[in-house]
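Morning, everyone. Today I want to talk about helix packing. Please have a look at the model first.

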Amino acid sequence: MAIASTNPATGETVREFDSLTSEQLEERIQRSWDAFQSYRDTTFDQRSGWMRAAADILDAEVDHLAELATLEMGKTFAAAKAEVGKCALGCRWYADHAAEHLADHPWDPADAPENARVFTRYQPLGPVLAIMPWNFPYWQVFRFLCPALMAGNVGLLKHASNVPQVALAIEDVLVRAGFPQDVFQTLLIGSSMIEAMIDDDRVRAVTLTGSEPAGREVGARAGKNVKASVLELGGSDAFIVMPSADLDATADQAVASRTLNNGQSCINAKRIIVHERVADEFQRLLVEKMEALKVGDPMAEDTDLGPMSGPQGLEELDQQVQDSVAAGAKLLTGGKPLGGKGNYYPPSVLADIPKNAPAYYEELFGPVALFFRAKDLDEAIAIANDSSFGLGGSAWTQDPDEAERLVNEVETGMMNINKITASTPEVPFGGAKNSGYGRELASFGTQTFTNAKTVWIQ
C-alpha cells in the first residue's frame, strides 16, 4: 500500500511512500523492545541532553519543518512555524522538569516504624504506541514523546497517513539529537495494522488523539489487553459571552479560536453562546469579522485561512452544513466550498440551529461557527452542557460570580475565563465525557506511562 503526501492547496500528490509489510513491522517492534532494555537505564541528565539537542534542531530548521506541515496538511506557514517552535519549548520544559516529576514520592503511614522508608517510584512501561492526527502534525507527537521519552519509555509512532514527510522528519530530528537507535520510530503503516500492535505483548501502552469512533475502538482494544491508554478525542467547545464582556475584543477572540488551524482543531470555539442582551450586536461583529478573513495560499504572509486538509473532510463539512440548513438552521455567511483547485471552505456562520440538525450535536471540523442565544446564565450553561463532548471551553465575563459558576458547572476537561483554550507544557490537557480520558502535559504527561510502584523498606 502506498502512503501519499498530497498538497491540499492544489490537490497535487508530491511524494509517495511504501507502507511497511507485516514482516517489517514485526522487526520494528522487536527493535523497539530491544532498545527499551538499555534506554530505561539511561539517566535523566542523558535524556535531558538529547531533548535539548532536539529543541535546538527544531529551532534551527523551523522554516524547513514548517514548510512540510503546510505542504501536507495546509495550515498557514506562520501557524506551522509557531507549532514547530512550541515543540522546541516542550522539549526544553520536559528536559528541565521531568526529573522532579518522577522523583521518589515519600509517604508517612501512621503504623510505619521510625526506620521505615515508604515511597512511590515511577518506572517506565516500555514501548508506547502513539496514534496521532494530522491537524497539529508536530505538536501532537511531541506532546506525547517529550514526557514519554523523559520517563524512560520508547515510542512507536503511527501518524496520520496524509503527513508521512512530517512523521519521518520527527524521527530524523530525534536521531540527529542523539537519542539511541530505535528509541523513537516512525511506522508508515495503515490503520489495519493497529489492532495487532495493541495486542502485541511488547507494546505496553497506547495513546490516541483522533475521532470519537477511533477512540472507542482503540480504548476497547487496550482495555481487552489490560493496557494503559490515553484518549484525546473530538470536541465541540462552547464560547460563552455575557453582557459584561468587551464585545469587539471578544468577537476577535471568537474568530481567532474558531478559525485556528483553518478551523480544524479539537479545541476550536465551535459553539458561540451569547446572552440575548448582547446577542444581536455580537452576531453582527462575528459575521463581519469572519467575512473579513482572507482565504488563500497557506504559504502567503497575508493569508488568514488556508485549505482544509483533504477533499473528504471538505465534503463532510459541507454535507453537515447543508443538512443543518435543510433542518432549519440559518446560514448567515459562507456555507459553500469555494471551488477550483484545493480544499477551500469559506469562513461560515450558522444560527437558529434546531436540535435535529447535525450542527447541533456533531463536531464540525472546519471554519464554521455555530451561533446560539441564551436568555440568561442558566440557559447558557445548559446549552454548553447539551453536548456529548467536553474537551475545552471558554467564557467571557467581568462578573466574578458568573465566572465561578461557569468554572464549576460547565462539563468539560478544561475551562477558561476571558481566554481561549490552548495547550502549553506547564498545564494538564484532556477532556471529559466523549472527548476522552486521561491527561497529557504537566506532570500528568510524565507520570501517565509509568508504573507507580509503592515501596516499603524497613
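Some ground rules. This is a predicted model: local features need pLDDT of at least 70, side-chain atom pairs count only at pLDDT 80 or more, and totals for chains, interfaces and linings use all residues. Residues are numbered from 1 along each chain as its sequence is written, and side-chain values use heavy atoms, leaving out hydrogens and water.

Back to the pair. Helix H13 covers residues 377–385 and helix H14 residues 400–409. Helices here are DSSP runs (H or I, at least four residues), numbered from the N terminus. The H13 and H14 axes come within 11 Å and cross at roughly 25°. Axes are lines fitted to C-alpha atoms over the stretch in contact, with angles from 0 to 180 degrees between N-to-C directions.

Who touches whom? H13 brings Leu377, Asp378, Ile381 and Asn385; H14 brings Glu402, Arg405, Leu406 and Glu409. Contact means heavy atoms within 4.5 Å. By class, that is 3 nonpolar, 1 polar and 4 charged residues. Asp, Glu, Lys and Arg count as charged; Ala, Val, Leu, Ile, Met, Phe, Trp, Tyr, Cys and Pro as nonpolar; the others, Gly among them, as polar.

Now the second pair. The axes of H4 (residues 77–101) and H5 (residues 139–150) come within 9 Å, crossing at roughly 15°. That makes H4 roughly parallel to H5. Their contact has 10 nonpolar, 1 polar and 2 charged residues.

Key:
Helix = DSSP H or I, 4+ residues; strand = E, 2+ residues; numbered from the N terminus. Parallel < 35°, antiparallel > 145°, perpendicular 65-115°, else oblique.
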